[in-house]
Amino acid sequence: WVGISYLSINSPSISTSAVGETSVVPDRAMLSVAVESQGQTAAAAGAENAKLQTRVIDAVKAAGIAAAQIRTSGYNVFPEYTQPTAGKGPRVTSYRAHNTVQVEIRNLESVGKVIDAVLAAGATNLGGLSLFASNTDAARRDALQKAVAKARSDAEVVAAAAGGSLGALLELNTEPFGTPQPIYRDVMAGQRMAAAAPTPIESGEMTVQAVVHVRWQFVPGR
């Protein structure tokens, strides 16, 4: 938190809190792309998965995404079993490999293109697509100004109703800023439509919020 405080003993004061909000348009996207494959052995499942995921990653790069924006976030190889029967326990029937990469897309106009490219290359699952803003500094400062102005306006109303006015600023605190929550999009619809038309993505807006707590000296009317 950031704050300034001047102690005033035996002096009446007015405290207010306020929230300021500013909208910001996302300019980045994060897409989770997974490839799942099956084989009679763990090695076979892994080899097939490597081939498919390499094809998918190549498609991502061909869509204009730099290698530094592609990161492996999960890799698993696990056995699949038959259902146990009377007198017999489960037995391994095959192996399944699952490889997931996170793709950061820095141009929202490319999101639909990347989705269509990875589906065509063999991706078997697309996780939640999240949209976010890369720089919220200006929006954060604007939200702070709005919050302080609202807090002062509220305090002035209270002071006037009590028959006085605001005096010197005694204390001002801001709550820590949290990162604006990403906007999530359902890409399953995009999977269903990819063969017919380019996948549409709408950015919408995110809200940057500031919270302040302020205290002023109260000057009684005469």
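**View 1. K146 and the residues it touches.** Once neighbours within four places in sequence are set aside, K146 is in contact (heavy atoms within 4.5 Å) with G20, E21 and T22. K146 itself sits in helix 3, residues 137-161; helices here are DSSP runs of H or I, at least four residues, and strands are runs of E, at least two, both numbered from the N terminus. K146 counts as partly exposed because its relative accessibility is 41%, where partly exposed lies between buried, under 20%, and exposed, over 50% (1.4 Å probe, protein chains only). Its C-alpha atom is 8.7 Å from that of A18, a residue 128 places away along the chain.

Some housekeeping for every view: this is a predicted model, with local features needing pLDDT of at least 70 and side-chain atom pairs counting only at pLDDT 80 or more, while totals for chains, interfaces and linings use all residues. Residues are numbered from 1 along each chain as its sequence is written, and side-chain values use heavy atoms, leaving out hydrogens and water.

**View 2. V60 in helix 1.** Helix 1 covers residues 42-62, and V60 is part of it. With 2% relative accessibility, V60 counts as buried. Not counting residues up to four places away in sequence, V60 touches I65, I70, V103 and V118.

**View 3. The whole chain, for context.** Four helices and ten strands make up the count for the protein chain, running in the order β-β-β-α-β-β-α-β-β-α-β-β-α-β. Of its 222 residues, 36% count as buried.
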